[in-house]
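I opened the notebook to go through this model from the overall fold down to a single residue.

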Amino acid sequence: MLKRLYAFFEVRLGINDILEQNLTKYLLPRNVNIWYTLGAVLLTLFVLQFVTGILLLVYYVTDPVEAYQSVERIMNEIPYGWLIRYLHAVGSNVIVIALLLHMLSVLFMGSYKKPRELTWVSGFILFNLAFALCLTGYLLPWSQLSFWATTVATEAAGAVPVIGDALVRFLRGGAMVGDATLGRFFALHVMVLPAGLAALIGFHLFCVRRIGISRPPFGDGYRPAEVKGYFEHEAHPGGIPFFPNYAIKDVAVISFFLGALVLLVFFAPGLFIPPSAFEPADPFTTPEHIKPEWYFLWAYQTLKIFPSEFLGLMAQGAIMTVLALLPFLDRGSERRPVRRPIFVTCYLLGIMLFVAISIWGHYS
Amino acid sequence: MMVVRGFRHLLVFMTVLLLLTSQAAAEESVCLQCHGGLEGRLGAPVAEWRTSIHAENGISCHDCHGGDPTDFAMAMSPERGFLGVPEYEAVPEFCGRCHIGVKEDYLLSAHGQAINQGGAQCVVCHDNHKVKKASPDLINHQDCSRCHEYGRADEIKAAVSDTDRMLAGLEIDLGILAKQGIAVKKMEGATFSLRNDFHRVFHTVDVDKVRSETSNFQQRGSEIQQQIDAVHDELSQRKLIGGVVAGLLFLASIIAFLIRNTYQKEEDAKR
C-alpha cells in the first residue's frame, strides 16, 4: 500500500530526484566544520518552540486577571505542563545562545561576503525577530518579573526625540503596561512574529541552497572564490554528500543541544526563570532590582553608560546598522581570518565588550 | 542616567496613583510622610513601625489607628474614622479587631482577667509600633520577670517551642517550593490557619491546655509536611527522568559523532 502511494507521488512529483538532489547528490566542501551544523540546530529548536508554543496556547488565557493563573495552572495541573512551559521558556534562551554562536561563526569565517549578502541580511533580521519574540513572550505570563521587565524595556523607547512618548504609548497601548500591552504582545508573539520568522527562515534556507554552501576559509588549498558578475551556484565537486555523511554531524550536534536543554530544564531552570517569575504582576509594587534578560543586558547597560538615553540608543542603532550592512561595508573577497587581522581584532574586542558590558549591566 | 530618570518619573506617577486609591500602600500614606518628618514621640513611631512585622506585611498606621491616609487635612479626623491612641485597658479590643481568636484566648488568661489592675496586655509583650513577630523568643526571662517569676512562662515556652519550630519549618519549605513555581497556596493557607489556631491556644498561659492541643497541631502539621514531601518526591523523580533523557541524548550525540568519524575515514581514504 505504502509502495503504491509512494509510486503515485513519485510519478507526479519526482520525489527520488528531489531527495537525490538535496541529500545524497548535494555535495558539501570536504573541510566543512562543526559550526555549519548550527543552522540545523536552530531549525530544530525553532520547531520545538513552535510545538511547545501551540501546546501552551491551549491553556493560556490572554487577560491580565487570568494570565498568571492560567500559567500557574499549566505549571501545576496540566499533565507535563511544567515541562512544556520550561522547554519553551528555557528553549528560547538556548536559541539565543545558538543564534549568537551561528552569527559569530559566520562573521569569523567571512561567510557573509558577496555573493551571500542576502543570506546575511535575512539571517540578521531573523536574529532580531528572535529577540522580538523573546521580548513579547516575556510579558505573557504576567508575572512580577515580566510586568516590570516589559515596563523597563518599553520605557527605553521614550528616549527617542519628539516621538518618544508617542512611541512608548504605541508599544504599550496606553501610558502604562496593561491589558492593551498584553493584547498586542500576544498577537505579535503568536501570530505576526512567528509568521515573519517562518517566511524569513524559508528565504534564508533558499538563499543558502541557491547560492551554495560557502567553503570554510581554512587549509592550504583554500583560495578566495572569484565572484562573477552573474549568478553562479557554488558547487563543491568531489565534496562529501550531505546525506548521510554530513547529516549525521547535524544529528550529533542537535542531540548535544537537546541534551543540554533537557539538563537545564530538569536541573537548573532557575538560571533563566528567577523566583520573581512566580509572583503575579503587581503594578503598585516595584521590585528592587529590575534587570532585563541576560541577552538584553548589554543594551540596558549601554543606555546607562551614555550621558543621555538618546545617545545610548544611537550607539545601539549604529552597532546594529553596521552589523546589518556588514557585507556592503566589508567588500574585500578575502575570508581567511589570518589575513584579516583588523577585522579579527575588532571581532574579538566586540565579543569582549559585549561580555564585559553585560556583566557590568548584571552587577550595576 | 535616563533609565534612572525614567524610573523616577514612573515612581512619582505610581505614588500619585496610589494616593488616589483608597487602598494606599503603607509607604505612601500621609501618616508616614507627616510623622516621618517630626521629632520626639510624634516621629519615633514611624522608625519603629518600619522594623515591625506589621510593616513587613503591609499593615500601616491607618489600619490600626483609622483615619484617611490619602488626605493630609482630614487624615486625623474622627469623621474619617480616626481612633487615635487607645487607653491601656482598651488595647486588647484595639488589636483584637484583627486578632480575634488571640483576643478571646487572652481575655481568659490571668493577664486578661487582671487588665484593669495593670495586667499585661498585647503591647507589653509584643511592643506597640515595632510590633514583634509572634515567636517563643518573646517568652524570656528578662521580659517576663518584669512582672512575675519566670518559672511558669518557661514551661509554656517549652510547650510551644516544638510546634513553633514545626510551623517555621513548613513556612520555609513552602517558600522554597513557591520560588520553583509550585502552587503552594492551599498548603500556605493550611499552615497560616494552623499558626492562627496555635496562637489562639497559648495566650491563656495554661500549660495543660497547650500540651493537650499540641498533638492536634502536630497531626495537622504532619499532614501538610506529607504534601510537601510528596512534591519533593515528584521533583526528585522529575530529575531522575530528566537525567536519563539528557544522558540518552548525549549518548546519541556521541554515537553520531563516532559514525561521522567512520565517514571521515572513508572520505580521507578516497582522496
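The entries below run from confidence to fold, then to the interface and one residue.

**Confidence.** I noted at the outset that this is a predicted model. I looked up the scores for the complex and found an ipTM of 0.94 and a pTM of 0.85. I then asked which element of chain B has the lowest mean pLDDT. That is helix H1 (residues 2-20) of chain B, at 41. The highest mean among the elements of chain B, 95, belongs to helix H13 (residues 207-270) of chain B. I marked residues 1-25 of chain B, where the pLDDT is below 50. That stretch still has 26 contacts in the model beyond near neighbours in sequence.

**Fold of chain A.** I counted secondary structure next: chain A has 14 helices and 2 strands. I checked its radius of gyration, which is 23 Å. The globule rule gives 21 Å for 364 residues, so chain A is as compact as a globular protein of that length. I took the box along the principal axes, and the C-alpha atoms of chain A fill roughly 65 × 60 × 35 Å. I looked up burial too: 34% of the 364 residues of chain A count as buried. Of the contacts in chain A between residues at least 6 apart in sequence, 77% join residues at least 24 apart.

**Interface.** I turned to where the chains meet. I found 31 residues of chain A in contact with 29 residues of chain B. On the chain A side, I listed the elements that give two or more residues: helix H4 (67-76), helix H10 (242-267) and helix H11 (297-305) of chain A. H10(A) gives the most, with 14 residues. I sorted the chain A side by class and got 18 nonpolar, 7 polar and 6 charged residues.

**A:Leu28.** A:Leu28 is in strand E1 (residues 27-28) of chain A. Is A:Leu28 buried or partly exposed? I found 17 C-beta neighbours inside 10 Å, so A:Leu28 counts as partly exposed; buried would need 20 or more. I then listed what A:Leu28 touches, leaving out residues up to four places away in sequence: A:Ile213, A:His236, A:Gly239, A:Ile240, A:Phe242 and A:Tyr246. For one of these, A:Phe242, I looked up the spacing. The C-alpha atoms of A:Leu28 and A:Phe242 are separated by 6.3 Å, although the two residues are 214 apart along the chain.

Terms used
Residues numbered from 1 in each chain as written. Chains lettered and ligands numbered in written order. Predicted model: local features only at pLDDT ≥ 70, side-chain atom pairs only at ≥ 80, totals over all residues. Helix = DSSP H or I, 4+ residues; strand = E, 2+ residues; numbered from the N terminus. Rg over C-alpha atoms; globule rule 2.2 N^0.38 Å. Buried ≥ 20, exposed ≤ 12 C-beta atoms within 10 Å, placed from the backbone. Contact = placed C-beta atoms within 7 Å. Nonpolar A, V, L, I, M, F, W, Y, C, P; charged D, E, K, R; others polar. pLDDT = per-residue confidence, 0-100.
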